Amino acid sequence: MNPLDELKDIHTPPDISAWPPAYGWWLVAVFILLAVIAIALAVYKRYRHNAARRIALQELLLINSQQPDWPSSTNALLKRVCLYYMPAQKIANLYGHAWCESLTNQLPKAQHESFAKAMSELQILLYRACEPNDENFDLIQKQVALWIKRAKFTPTHSSSLTGAEHV
């Protein structure tokens, strides 16, 4: 008789179950869930913040060169967008060069020159006695759309831009 026949087989422990996971996996799951919620809230907040921009871009598309008051409509649209995002006391009383400078400063520096040129054309058309011509309409509309999309809306602190020196 072989003595090895009397030995019992080796008992292997049962396989480790994936459930319940270790505490570390619970922490990772909670962290991922919190990260997803934070990202979703940030995206939603940004979407709501840019709602006025989207509406302004839609209104800009409704302005065409056949309208006799398209310069004032375009300027009024820019003013409304600024009043939505910035304090009224800093924006509401701006006009002319100060208005153009305030708008230009909201853009990245690479776009200052082309936007300033379009805004100076718009300011000239605003105060012209005869009907505006539409030769610069496309340029102005393109620059205004670009401004609405890319403006940073940083408040200006200069008293010369707010007209505070007149008070």
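**A walk along a helical chain**

Trp25 sits in helix α1, which covers residues 23–49. Helices here are DSSP runs of H or I with at least four residues, strands are runs of E with at least two, and both are numbered from the N terminus. The model is predicted: local features need pLDDT of at least 70, side-chain atom pairs count only at pLDDT 80 or more, and totals for chains, interfaces and linings use all residues. Numbering starts from 1 along each chain as its sequence is written, and side-chain values use heavy atoms, without hydrogens and water.

Trp25 counts as exposed because its relative accessibility is 60%. Exposed means over 50% relative accessible area, buried under 20%, and partly exposed in between (1.4 Å probe, protein chains only). Trp25 also belongs to a nonpolar surface patch with Val28, Phe31, Ile32 and Val36. Together they have about 560 Å² of accessible area.

Now turn to charge. Arg46, Lys149, Arg150 and Lys152 gather in a positive patch on the surface. Patch members have over 30% relative accessible area and no salt bridge; like charges are joined within 9 Å, nonpolar side chains within 5 Å. A salt bridge is a side-chain nitrogen of Lys or Arg within 4 Å of a carboxyl oxygen of Asp or Glu. Lys152 lies in the loop between α7 (137–150) and α8 (159–162). Lys152 is exposed because its relative accessibility is 58%.

Step back to the whole chain. The chain has eight helices and zero strands. Its C-alpha atoms fill a box of roughly 120 × 40 × 25 Å along the principal axes. Of the 167 residues, 32% are buried.

Terms used. Areas by Shrake-Rupley, 256 points an atom, 1.4 Å probe, with all protein chains shown as cover. Lys, Arg positive; Asp, Glu negative; His and termini not counted. Charge placed at Lys NZ, Arg CZ, Asp CG, Glu CD.
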